[in-house]
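Dear colleague,

I am passing on the structure below, followed by notes on what turned up in it. Please read the notes with the coordinates open beside them.

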Amino acid sequence: MARMIQTKNLQYSGSPEMMEFQDIGVIDQMKSSRMFHTHLTYPFISKAAMEGHLKIIYVLRNPKDNACSYYAFQCKLRNASYTGNFDGYLKAYLSEECNS
């Protein structure tokens, strides 16, 4: 959605790159305005972001949606760490062990 707002185009054009998977040299060479996805938490984001030089859109998913989505993802994996039903998965998902 952010890319659609940026380009003023309602046509989906793919997701921005994941910052964690980009070489910092490549990022520095890209022309503005750049947009990235990241799973990095506050202590690990750029100092420029902390100083207010970058714009950040923080998206927080509904925990129920997140649990259902991640369960469906786990079910599709061949070597999934969890192979039981959703009730058991939800119990594990809500535990301290899963959230660390």
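Helices (H or I, at least four residues) and strands (E, at least two) are taken here as DSSP runs and numbered from the N terminus. This is a predicted model, in which local features need pLDDT of at least 70 and side-chain atom pairs count only at pLDDT 80 or more, while totals for chains, interfaces and linings use all residues. Residues are numbered from 1 along each chain as its sequence is written, and side-chain values use heavy atoms, with hydrogens and water left out.

I begin with the surface patch. L54, I56, Y58 and L60 make a nonpolar surface patch of about 510 Å², where a patch consists of residues with over 30% relative accessible area and no salt bridge, like charges being joined within 9 Å and nonpolar side chains (Val, Leu, Ile, Met, Phe, Trp, Tyr) within 5 Å. Accessible areas come from the Shrake-Rupley method with a 1.4 Å probe, and for residues only the protein chains shown count as cover.

Next come the charged pairs. The structure holds two salt bridges, a salt bridge being a side-chain nitrogen of Lys or Arg within 4 Å of a carboxyl oxygen of Asp or Glu. One joins the side chains of E51 and K47 at 3.8 Å, N to O; E51 is partly exposed at 46% relative accessible area, whereas K47 counts as exposed at 61%. The other is formed by D65 with R61, whose closest N and O atoms are 2.8 Å apart; D65 is partly exposed, with a relative accessibility of 39%, and R61 is likewise partly exposed, with a relative accessible area of 39%.

The largest pocket has a volume of about 2,100 Å³. Of the 42 residues that line this pocket, F36, H37, T38, I56 and I57 are the closest to its centre. The elements giving two or more residues to the lining are α1 (2-7), α2 (24-29) and β2 (36-37), and α1 gives the most, with five residues. On a 1 Å grid over the protein atoms alone, a cavity is a set of points where a 1.4 Å probe fits but cannot get out, whereas a pocket is an open set with protein on both sides within 12 Å along at least five of seven lines, and lining residues have an atom within 4 Å of a point. Grid points are joined across faces, edges and corners, and the volume is the space filled by probe spheres set on the points.

Some loop residues remain. K8, in the loop between α1 and β1 (17-18), has a positive phi of about 55 degrees although it is not a glycine; most residues other than glycine have a negative phi. K8 counts as exposed, at 77% relative accessibility. L40 is found in the loop between β2 and α3 and is partly exposed at 34%; the C-alpha atoms of L40 and E20, 20 residues apart along the chain, are separated by 7.8 Å.

With best wishes

Conventions. Buried means under 20% relative accessible area, exposed over 50%, partly exposed in between (1.4 Å probe, protein chains only).
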